[in-house]
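Here is a short briefing on one protein model. Keep the sequence and the 3D view open as you read.

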Amino acid sequence: MQKTRILSTIAALSAACFLAPVAQAADVTWDFGSNNNNWGNATNWNPDSIPGSGDTAVFADNAGNTAIWVNFTSGLSNRTVGSVAMTGGSNRFLQSRNYSGTLTLNGVNGNLISQSGTSQLSFINGSGGTTLTLQLGNSGSVDITSSANVYIGVDIIENTSGRSLTKTG
């Protein structure tokens with residue numbers, strides 16, 4: 001009786017794990033849906049969710065304002081995203097606001113930052129002395145087309161030794 005109950009429990013747990021949905025990495029595109037510049041506002045993204053650790057945050061020509069605040073709070077000093085991609089011909093500035101913090105790039109398919117079109121993507125510190133730090137969660141590349149630019153005006157750190165950043169293009 002006890003053995004049957006244990007086997008039934010194991011079978012039920014195994015089935016639940018097998019049938020549980022698995023979060024898939026996705027492209028989450030900035031659409032400026034709430035008409036403010038806050039990275040942390042889900043309605044600024046399409047679909048309406050803040051990019052997560054395996055997602056690519058995509059900034060296209062329709063991205064609204066040029067300054068995008070990677071907003072931190074006293075209780076939230078780190079945001080993690082898979083990678084950042086720029087498309088089209090617009091310039092975007094990712095910067096800290098109100099609080100300092102770290103934007104961790106985990107890498108998606110080996111890319112940390114990709115840049116295409118004739119745009120410029122800038123990572124800069126915010127006003128009032130706030131700082132934005134880029135942290136490499138994994139090694140990866142920065143892929144830039146010949147007519148695009150990436151400006152990194154902030155500190156770059158690695159969370160474990162042996163991480164690297166490679167520019168291609």
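Valine 81 stands opposite leucine 105 in strand 8. The model is predicted, and the notes below take it topic by topic.

- Another open sheet has 4 strands in the order 4-7-10-13, with parallel pairing.
- Its edges are strand 4 and strand 13 (149-152). Each has a single partner strand, so one side of each lacks a neighbour in the sheet.
- Here the twist averages 15 degrees from one strand to the next.
- Strand 4 (residues 67-69) runs parallel to strand 7 (residues 92-95), and 3 bridges join them.
- Isoleucine 68 stands opposite leucine 94 of strand 7.
- Strand 7 also pairs with strand 10 (residues 120-124), in the parallel sense, over 4 bridges.
- Arginine 92 has leucine 121 of strand 10 as its bridge partner.
- Glutamine 95 stands opposite isoleucine 124, also in strand 10.

- Strand 6 (residues 83-86) and strand 9 (residues 111-115) run parallel, joined by 3 bridges.
- Across this pairing, methionine 86 stands opposite glutamine 115 in strand 9.
- Strand 9 is joined to strand 12 (residues 140-144) as well, by 4 bridges, and these two run parallel.
- In strand 12, serine 141 is the bridge partner of asparagine 111.

Strands of a sheet pair through backbone hydrogen bonds, either parallel or antiparallel.

**Aromatic rings**

- How many aromatic pairs does the structure hold? There are 5.
- One of them joins tryptophan 39 and phenylalanine 59. The ring centres are 6.1 Å apart and the planes are at 45 degrees, so the pair is tilted.
- Tryptophan 39 lies in the loop between strand 1 (27-30) and strand 2 (45-46), and phenylalanine 59 in strand 3 (residues 56-59). The pair therefore ties together parts that are 20 residues apart in sequence.
- Are tryptophan 39 and phenylalanine 59 buried or exposed? Both are buried.
- Phenylalanine 59 also pairs with tryptophan 45. This pair is edge-to-face, at 5.6 Å centre to centre and 65 degrees between the planes.
- Tryptophan 45 is in strand 2 and phenylalanine 59 in strand 3, so this pair links parts of the chain that are distant, 14 residues apart.
- Tryptophan 45 counts as buried, at 0% relative accessibility. Phenylalanine 59 is buried too, with a relative accessible area of 0%.
- Ring pairs link Trp30, Trp39, Trp45 and Phe59 into a cluster.
- Elsewhere, a charge meets a ring: arginine 97 lies over the face of tryptophan 69, at 3.6 Å from the ring centre.

**Asparagine 41**

- Where is asparagine 41? It lies in the loop between strand 1 and strand 2.
- Asparagine 41 is partly exposed, with a relative accessible area of 22%.
- Leaving out residues up to four places away in sequence, asparagine 41 touches Ser34, Asn36 and Ile50.
- Asparagine 41 and asparagine 71 are 30 residues apart in sequence. In space they are 9.2 Å apart, C-alpha to C-alpha.

**Confidence in the model**

- The protein chain averages a pLDDT of 77, and 76% of the residues score at least 70.
- Which element has the lowest mean pLDDT, and which the highest? Helix 1 (residues 2-19) has the lowest, at 48, and strand 2 the highest, at 94.
- The pLDDT is below 50 over residues 11-22. Beyond near neighbours in sequence, this stretch has 0 contacts in the model.
- Where pLDDT is low, the predicted coordinates should not be read in detail.

Note on methods:
Residues are numbered from 1 along each chain as its sequence is written. This is a predicted model: local features need pLDDT of at least 70, side-chain atom pairs count only at pLDDT 80 or more; totals for chains, interfaces and linings use all residues. Side-chain values use heavy atoms; hydrogens and water are left out. Two strands pair if DSSP finds at least two bridges between them. Rings of Phe, Tyr and Trp (its six-membered ring) pair if their centres lie within 6.5 Å; planes under 30 degrees apart count as stacked, over 60 as edge-to-face and the rest as tilted. Buried means under 20% relative accessible area, exposed over 50%, partly exposed in between (1.4 Å probe, protein chains only). A charge sits over a ring if NZ of Lys or CZ of Arg is within 6 Å of the ring centre and within 35 degrees of the ring normal. pLDDT is the predictor's confidence in each residue, from 0 to 100. Contact means heavy atoms within 4.5 Å. Axes are lines fitted to C-alpha atoms, for helices over the stretch in contact, and angles run from 0 to 180 degrees between N-to-C directions.
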